[in-house]
Amino acid sequence: MSTFDWIFKLLGEYWALFLKGTGYTLIMSIVGTLIGFVIGIGVAIVRTIPVKASANGFQKAAMKVVNFILSAYVEIIRGTPMLVQALLLHYGFLSKMDKPLLSAFIIISLNTGAYMAEIVRGGIISIDKGQFEGSQAIGMTHFQTMFHVVLPQAVRNIMPSIGNEFVVNIKDSSILSVISITELMFMAKSAGGSYFQFIPAYLICAVIYFILTFTVTRLLRILEKKMDGKKNYTVFGSQSDPDAEIHVKEKA
Amino acid sequence: MKKNKINLTEEEVIAGGVAADGCGGNGAAEENAVTDENAGKYVLRIENLQKSFGDHEVLKDISFDVHRGDVISVIGPSGSGKSTMLRCINLLEEPTGGRILYHGTDITDKSVKLTEYRAKAGMVFQAFNLFNNMTALNNCVKPQMIVLKRSKEEATLIAREYLEKVGMSAYINARPAQLSGGQKQRIAIARALSMNPEVILFDEPTSALDPEMVGEVLSVMRDLAGSGLTMIVVTHEMSFARDVSNRVIFMDGGVIVEEGTPENIFGSPKVQRTKEFLSRVLGENNG
């Protein structure tokens, strides 16, 4: 039988396995990206709290300690392979629970969080200082400034990087087969192993990965467009007619 | 102007009032009249304000009072510390010395809730600093809801009133990126007004505008001055300083060199540095 025939044979027999594997891959990457995003935002907000020159010694010291812990988290997670983190965390610390999926969620979220923290921080830094000053001068606190003014703009700007993280998560969650998660890669291996036909199985698996990542990138592009808001606006009333509505379109 | 709610305890207000009476005011009823009898009603008192950035001393010992209804123009050459002083009053810059009294309360004191004070001291920036992620209307509505905890309905009503006042009600659902500089600055003024502040600080509000847009912003500011709003305006517009304000402060080298009525400063400046500055600036304008 040719590779092509094997692909159909494997799909026909093991489609349920591939589907289940795809489900696990998707759920892990979605959960990981979402929780990682929340972690990233939290870390970035705390790390951008301005310390006033007049702050007392205790406040300054507390901020230093918190910042040290947060940057240690970011550096350690970014500086070690996710494979090693997965093995250490699951077999070392969470083995008693014996809930591989929970371990997987924790690992992928912590991992994404470390990268997101830097991405969000970059997004916040890129926002014009005037936006912070405008918010402060009107009486907003640091957190209000962040949530209502800065983050909506920063998140829009970092959407391409968030998309990157999502795509990376879809692919890198395959590593988590080492802690016996039956995600797509794991399933492909088992399906291929039953007839010793790995190449057709991996080909199927590659196509599915590509469909997943391609769909996600397209969806995020649509989301970005939505976040940009309307391209046109309405002017109410003209010089001759107060009830007139003039619809203005933005120049290209 | 609407009567403002003051977020201070009663004692603090009374303390401010007592101190004010001590300054010779008799609590004249006319809010808009700016006379010496009204001197006790100061909103802000700047005392020996100092600010250094490292070794560089930008402000050296600045003191003056701001009374209710005052329109104070601050003029002076670039680098004289005008903007820094204004930013210190809003505490965007932390003063390194001196006190800023708001109705008798020292707002440089760490126990004072800064956000409440800042809501009372509005600020209009050279670069507008409108919130880019919000429409013109929301720029005026959201801060009221976030800082003053007003309901959306109430905030919208107030915002529309002030957007109308600055002549921008036609553009309420445009975003800042879709508007011209003059339009942005008028919305920034409406945003500041929507908070019902006691005083608005203008930091060179027309310096970033194309010449043909300066007029529309100045005319809004003229109207505001006429309505009795307390204003401190750092400006290079000498005609505004001369015609609209009731007091002019000339700053140079981090100190107040001369202070007085527009007639005094522009008509018969006493200090040599003021004379030089004015002849240079006015000469340029006329030529």
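Start in chain A: select helix 1, residues 3-47, and find I45(A) inside it. Helices here are DSSP runs of H or I with at least four residues, strands are E runs of at least two, and both are numbered from the N terminus. The model is predicted, so local features need pLDDT of at least 70 and side-chain atom pairs count only at pLDDT 80 or more, while totals for chains, interfaces and linings use all residues. Residues are numbered from 1 along each chain as its sequence is written, chains are lettered from A and ligands numbered from 1 in the order in which they are written, and side-chain values use heavy atoms, with hydrogens and water left out.

**Stop 1**

Is I45(A) buried or exposed? It is buried, at 4% relative accessibility. The cut-offs: buried is under 20% relative accessible area, exposed is over 50%, and partly exposed lies in between, with a 1.4 Å probe and protein chains only.

Now show the neighbours. I45(A) touches H142(A), F143(A), M146(A), F147(A) and L151(A), leaving out residues up to four places away in sequence. Contact means heavy atoms within 4.5 Å.

**Stop 2: F132(A) and a helix pair**

Select helix 5 of chain A, residues 129-137, which holds F132(A). F132(A) touches I124(A), I127(A), T145(A), M146(A) and V150(A), again not counting residues up to four places away in sequence. V149(A) is 17 residues from F132(A) in sequence and 8.0 Å from it, C-alpha to C-alpha.

Next, bring in helix 6 of chain A, residues 142-172. Its axis comes within 10 Å of that of helix 5 of chain A, and the two cross at roughly 160°. Axes are lines fitted to C-alpha atoms, for helices over the stretch in contact, and angles run from 0 to 180 degrees between N-to-C directions. Helix 5 and helix 6 of chain A are therefore roughly antiparallel. Angles under 35 degrees count as roughly parallel, over 145 as roughly antiparallel, 65 to 115 as roughly perpendicular, and the rest as oblique.

The crossing of helix 5 and helix 6 of chain A is right-handed. Helix 5 of chain A contributes Q131(A), F132(A) and S135(A) to the contact; helix 6 of chain A contributes T145(A), M146(A), V149(A), V150(A) and Q153(A).

**Stop 3: chain B, overview**

Switch to chain B. Its secondary structure comes to ten helices and ten strands. Of its 287 residues, 55% count as buried. Among contacts in chain B with a separation of 6 or more, 66% join residues 24 or more positions apart.

**Stop 4: the four-stranded sheet**

Four strands of chain B form an open antiparallel sheet, in the order 2-1-4-5. Strands pair if DSSP finds at least two bridges between them. Strand 2 (56-67) and strand 5 (105-106) of chain B are at the edges with a single partner strand each, so one side of each has no neighbour in the sheet.

Select strand 1 (residues 42-53) and strand 4 (residues 97-102) of chain B: they pair antiparallel over five bridges. Q50(B) stands opposite G97(B) in strand 4 of chain B.

**Stop 5: the six-stranded sheet**

Which strand order does the mixed sheet of chain B have? It runs 6-7-8-3-9-10, and this sheet is open too. Its edges are strand 6 (121-124) and strand 10 (255-260) of chain B. Neighbouring strands in this sheet are turned by 20° against each other on average, direction ignored.

Helix 2 of chain B, residues 82-89, packs on this sheet and touches strands 3, 6, 7, 8 and 9 of chain B. Its direction makes about 150° with that of strand 7 of chain B.

Zoom in on strand 6 of chain B. Both faces are covered: A121(B) and M123(B) are buried on one side, G122(B) and V124(B) on the other. Strand 6 and strand 7 of chain B pair in parallel over four bridges, and A121(B) has V199(B) as its bridge partner.

**Stop 6**

Finish with helix 4 (residues 136-147) and helix 6 (residues 181-194) of chain B, whose axes come within 9 Å and cross at roughly 20°. The contact residues include C140(B) and P143(B) of helix 4 and I187(B) and A190(B) of helix 6 of chain B. C140(B) is buried, at 1% relative accessibility.

Conventions:
A crossing is left-handed if the near helix is turned anticlockwise from the far one by less than a right angle, and right-handed if clockwise.
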